[in-house]
Amino acid sequence: MPVKFVRLPVFLLALGCALSVSAAGTDAKLSHEYDQKISASDISTDVRVLSSDAFAGRAPGTAGEQQTVNFLSAMLRQSGLQPGNGDSFFQAVPVISNTLDVAHSSMSAMTAHATQALKFGDDVVYSNTTTRTSTTIKDSPLVFVGYGINAPEQGWDDYAGLDVTGKTVVILIGLPGGSTGAPFLTGTPGVSYYSRSSYKFEEAARHGVAAALIVHNARESGMEWDYIKSRYGGAQFQLRHEDDPEPDPPIVGWLSADAAKSLFAAAGMSLRDVRDAAGKRGFRAMPLGDAKLEAVIRSSVVAGESRNVIAKLPGAKYPDEAIVYSAHWDHFGTRLGMRGDNIFHGAIDNAMGVAGVLEIAAQFAAEDPKPDRSVIFFIPTLEEMGLLGSKYYTAHPVVPVANTVVDINFDVLVPVGVTSNLVVAGLGKSGLDEWVKRAAQKQDRVVVGDPPGMIDSFFRSDHLSFARAGVPVLYIRGGDKSRDPGVDGMALWNAFGKRYHTPADKFDPRWDLRGIVQDMQLVCDVGEALAASREWPDWNEGTLFRTIRDRSRAGAEAARY
Ligand SMILES: [Zn+2]
């Protein structure tokens with residue numbers, strides 16, 4: 001899973017540099033023969049190799065990337081799979097990073113009578129998302145757009161009749177009615193994508209704004225101001241806008257609750273009143289009096305490149321339709337000054353998931369006859385930097401997203417041995433529930449949703465990129481209820497929580513991997529069933545992702561007939 005706050009490894013300096021690690025030497029030494037069946041020993045071997053010191057924490061743009069992608073392509077080829085991207089197992093992912101020059105950047109709100117300076121860090125945080133090193137915003141009217149949501153399936157549009165081209169929108173985090181209110185999206189339990197800052201920025205960008213600022217609220221966002229501040233404190237990674245299916249507005253940021261309060265007060269409004277108004281049907285966006293945004297934003301921009309790894313098994317009957325398995329290969333590399341050995345081994349995050357994909361790949365490759373639909377084994381980069389490799393892929397897929405039946409994603413699978421349950425993040429969102437329940441039944445396991453404290457995990461790994469492109473997704477988290485009464489699965493999950501995103505996420509030869517094998521057999525079963533079927537499981541009615549899928553599929557039909 002990605003960090004919420006990325007304290008950066010130094011990898012970017014190396015991005016784009018020519019790397020000179022020898023491929024041949026690596027591959028020969030590390031290859032091993034796979035069992036015909038999914039096995040704990042295969043998984044153990046792959047996790048041990050991928051998380052070893054030689055892979056140096058698998059940071060994009062470093063020698064660790066070269067080691068990793070060489071190993072993965074060698075293993076996939078050896079299993080008998082074809083390159084997934086033309087004649088290559090790789091897909092180049094261009095990426096940029098922006099670091100704000102705080103000392104030479106400024107932002108303020110001007111009215112006819114006064115100027116409110118917005119101090120970076122205290123009142124506001126912001127970031128440039130373009131490749132420009134200097135952006136000037138002048139006389140950009142500030143407009144309050146409530147929760148900034150356009151949900152046609154709910155008959156809700158905060159931008160209705162509004163032209164905010166070149167303007168600066170001020171947006172509330174969360175959902176109308178608040179997190180404790182009635183669910184805004186019918187049929188969608190838990191948190192909705194409409195509540196997220198990434199959605200709000202994307203929607204603002206679709207309306208051509210110059211800048212988008214979210215009003216901080218600790219309860220609705222689940223993040224303290226200091227945390228948001230730290231997130232904007234270092235280099236910000238993104239795809240180039242031309243590669244990005246949903247680019248952000250040129251300038252994005254957050255207003256502190258206090259700064260927002262005084263901004264509204266200067267316009268003769270109260271934040272509390274406008275929040276109430278924005279939570280009710282019939283809300284209309286409104287200008288913040290005559291306030292206009294003025295800003296000069298300077299940043300250093302560095303361009304680089306990393307690689308997704310893609311293999312495929314062409315379908316025997318319907319090669320243009322695909323089942324995708326995914327698990328990110330990247331992690332944080334090395335960092336000086338950490339306790340331990342300075343290497344972020346990323347054994348569970350996410351060498352384990354990658355090992356799972358390799359096992360399923362080998363299993364499919366050995367099958368005879370071949371599946372009717374194609375199966376894609378997708379091992380993306382730059383997940384830890386904001387799901388960038390998978391986002392790039394969905395804009396540049398090897399099988400159109402409209403014809404992609406499902407993405408089955410693994411990230412952070414904790415070995416707890418054989419379990420009686422299976423946690424599926426985002427359970428209740430799509431027709432895939434039935435498929436996974438059928439497969440779980442064969443193992444006498446119960447399918448359950450995320451534990452309450454982990455409800456937002458659905459938004460934090462690569463399957464989200466597929467969901468945003470409309471593709472139904474299955475994100476399994478493994479089980480937490482051990483069949484062995486002496487083993488407390490949840491305690492093992494919690495113990496891993498302390499090692500998560502630290503150098504202590506290491507391979508352990510004592511792991512009981514039988515539960516991971518069980519999980520991989522289960523999702524292999526789901527993929528086989530889908531690959532042999534003519535069905536298209538879909539998002540539930542009345543959801544954002546369903547709206548996107550309908551649009552996408554309609555285009556696919558038009559393109560095919
Ligand atoms: Zn991860």
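Biologist: Which residues of helix 4 meet helix 10?
Modeller: Contact here means heavy atoms within 4.5 Å. On the helix 4 side we find Phe71, Leu72, Met75 and Leu76, and they meet Val354, Leu358 and Ala361 of helix 10. Sorted by class, this contact has seven nonpolar, no polar and no charged residues (Ala, Val, Leu, Ile, Met, Phe, Trp, Tyr, Cys and Pro count as nonpolar, Asp, Glu, Lys and Arg as charged, and the others, Gly among them, as polar). Helices (H or I, at least four residues) and strands (E, at least two) are DSSP runs, numbered from the N terminus.

Biologist: Before we go on, what kind of model is this?
Modeller: It is a predicted model, where local features need pLDDT of at least 70, side-chain atom pairs count only at pLDDT 80 or more, and totals for chains, interfaces and linings use all residues. Residues are numbered from 1 along each chain as its sequence is written, and side-chain values use heavy atoms, with hydrogens and water left out.

Biologist: At what angle do helix 4 and helix 10 pack?
Modeller: Axes are lines fitted to C-alpha atoms, for helices over the stretch in contact, and angles run from 0 to 180 degrees between N-to-C directions. Helix 4 (residues 63-78) and helix 10 (residues 347-365) pack at about 20°, and their axes are 10 Å apart. The two helices are therefore roughly parallel (angles under 35 degrees; over 145 is roughly antiparallel, 65 to 115 roughly perpendicular and the rest oblique).

Biologist: How many residues of helix 5 are buried?
Modeller: Buried means under 20% relative accessible area, exposed over 50%, and partly exposed in between (1.4 Å probe, protein chains only). In helix 5 (residues 197-206), seven of the 10 residues are buried, including Tyr199, Lys200, Phe201 and Glu202. Glycine 208 follows helix 5 and has a positive phi, near 70°.

Biologist: Which residues touch the most other members of the largest nonpolar core?
Modeller: A nonpolar core is a set of buried Ala, Val, Leu, Ile, Met, Phe, Trp, Tyr and Cys residues joined through side-chain atoms within 4.5 Å. The largest one here has 83 residues, and Met107, Phe144, Val169, Trp254, Leu255, Leu293 and Phe545 touch the most other members. Strand 13 (residues 286-313) gives the largest share of this core, six residues. Another core, of 67 residues, lies apart from it, with Val375, Ile379, Ile408 and Val412 among its members.

Biologist: What is the phi of valine 412?
Modeller: As a general idea, most residues other than glycine have a negative phi, and most peptide bonds are trans. Valine 412 is not a glycine, yet its phi is positive, about 65°. You will find valine 412 in the loop between strand 16 (404-409) and strand 17 (421-425), and its relative accessible area of 7% makes it buried. Leucine 382 also is not a glycine and has a positive phi, about 55°. Leucine 382 sits in the loop between strand 15 and helix 11 (388-395), buried at a relative accessible area of 0%.

Biologist: Where is a peptide bond cis, with omega near 5°?
Modeller: Look at the bond from aspartate 368 to proline 369. Proline 369 belongs to the loop between helix 10 and strand 15 (373-379). A cis bond also joins aspartate 349 and asparagine 350, with omega about 10°, and asparagine 350 is in helix 10.
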